[in-house]
Structures are given as structure tokens and as C-alpha cells.
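Here's a quick briefing on ring pairs and helix packing. Have a look at the model first, then read on.

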Amino acid sequence: THSLSAHMSGGLLRAAASLTRRLTTQRSLFHASAVASSEQVFKHVDTPENNAATDFHWTQKNLKEVDKILSKYPINRKASAVIPLLHLAQEQNAGWLPLAAMNRVAETCQMPPIRVYEVATFYTMFNRNKVGKYHVTVCVTSPCMVVGADDIMHRLEKHLGVHLGETTADGMITLGEMECMGCCVPAPMICVADYSKAPDHFAYDYYEDLTVDRAVEIVESLRRGVKPPH
């Protein structure tokens, strides 16, 4: 019994090691193209549309949402609202956070701007560079990868003519990645952040049980301005 148990344990360890090597190899294939862009995310470079002199104001609609968000926290703990307010600012600004938006969030939360920058550059759901009207992210966590997420990523890169982290020439689609989105059973899956009607409307849609062909159908529907069926 001990010998059988040891043999099974050894087999499981070897299988786990093999899977780890496979996933590491696969991820490196399409993560390499994003290295340059990921390094740029954490270094602000002034541009004509993103510098300390540009401005960002909450819309009248979002001012009401700001008040609603702040009301959830003690009056002396406004900094606790930084993450939902960054989400709101990003939705208002067509999917990305310029310096002016982060400064406005800092002012709203009555906190030093550097603390807002720290949050915005830590969490991957915040975009520090412009994105397309549709931000398509592929889940790349292990459960999705073992059932074909890497094939979907490669196919979308080829079909759209972009690498991970890049935007199509027509400005419609930015291709990204996301860690676990909580859909491990119906894997593989992608998420579409729809900024096409910003700042008036924002949508966040999951598409599950995908094949590479279905993923291509989804991005083609987005290019036509048509919301793909689930």
C-alpha cells in the first residue's frame, strides 16, 4: 500500500510539474509582446492630452453617482471610495485614466494624488493608456489555459493584426488579458468592456464556453457595432 501510494504521489507530482512547464511556456509566448507596454503603464509621460495642465470634471450625472458612492463611507474615510471612483472616472473617460482624472479622484477623496496613482497602477483593471471602443480581455488563468485560452489569444492576435496590449488601427478593439474572472466551469472565456457610448453608457459582458471561431465572431460583431449574443 505504501509503495502504491508513493508511486501515485510521484505520478501526480510529475504531472503537476509537466503542466506547470506547459503553462509557463504557453504564457511566455504571448506575454512577451506585452512586456514593453506593461512597463510603460507605470511611468507617466506627458502628452498633449494627458498632462498636469489638462482637466477632468465629473459629468452632472456622475456627480450624483459620486455622492452616492461617498455616502457609503464615514465622512472622515473618503479615501475608502478611491477604487469605485476610479472605476467611475474610467467609464466616463472612455476606458482609461489620464493624470487629470486621477487628480480629480484625489481631490474628491481628499487624499494625496500619489496615493491614487499607487492604486491606479497596481490594479490591472485600470488602464493608464487609451483603449479602443471595446476592450476585449482573454482570461489566462490555468483553468482557461488548459482548455484553449492560448489558442484564442493567438487567433485573435492574428485576426485583429495586433499583439497583446495593442489597439486595432481603426481604434475599435484593444486586446488584453485578465486573470481569473470566476468562470472556470464554462471556460475558456473572454470579457468585453464596452466604452463605445461613453460617457453616457458602459457595459461589461462575459462570453463563455468559447471556441477560437466563436471568439472571432464576437470581435467581428463588435467591429460592426453590434452587441454579440451570449
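There are 5 aromatic pairs in this structure, where rings of Phe, Tyr and Trp (its six-membered ring) pair if their centres lie within 6.5 Å. Keep in mind that this is a predicted model, where local features need pLDDT of at least 70 and side-chain atom pairs count only at pLDDT 80 or more, while totals for chains, interfaces and linings use all residues. Side-chain values use heavy atoms, with hydrogens and water left out, and residues are numbered from 1 along each chain as its sequence is written.

**Aromatic rings**

- Phenylalanine 122 and tyrosine 123 have ring centres 4.9 Å apart and planes at 85 degrees, so this pair is edge-to-face (planes under 30 degrees apart count as stacked, over 60 as edge-to-face and the rest as tilted).
- Phenylalanine 122 counts as exposed at 61% relative accessibility, while tyrosine 123 is partly exposed at 34% (buried means under 20% relative accessible area, exposed over 50%, partly exposed in between, with a 1.4 Å probe and protein chains only).
- Phenylalanine 202 and tyrosine 204 make a tilted pair, with 6.2 Å centre to centre and 35 degrees between the planes.
- Phenylalanine 202 is partly exposed at 26% relative accessible area, and tyrosine 204 is partly exposed at 43%.
- One aromatic cluster is formed by Tyr195, Phe202, Tyr204 and Tyr206.

**Helices α3 and α4**

- The axes of α3 (residues 60-70) and α4 (residues 82-92) come within 10 Å and cross at roughly 165 degrees; axes are lines fitted to C-alpha atoms, for helices over the stretch in contact, and angles run from 0 to 180 degrees between N-to-C directions.
- Helices here are DSSP runs (H or I, at least four residues), numbered from the N terminus.
- α3 and α4 are therefore roughly antiparallel (under 35 degrees is roughly parallel, over 145 roughly antiparallel, 65 to 115 roughly perpendicular and the rest oblique).
- On the α3 side, the contact (heavy atoms within 4.5 Å) uses Asn62, Glu65, Val66, Ile69 and Leu70, and α4 brings Pro84, Leu85, Leu88 and Gln92.
- Those contact residues split into 6 nonpolar, 2 polar and 1 charged (Ala, Val, Leu, Ile, Met, Phe, Trp, Tyr, Cys and Pro count as nonpolar, Asp, Glu, Lys and Arg as charged, and the others, Gly among them, as polar).

**Helices α5 and α6**

- α5 (residues 99-109) and α6 (residues 113-122) have axes that come within 8 Å and cross at roughly 120 degrees, so the two helices are oblique to each other.
- Leu99, Met102, Asn103, Val105 and Ala106 of α5 meet Pro113, Val116, Tyr117 and Ala120 of α6.
- By class, this contact has 8 nonpolar, 1 polar and no charged residues.
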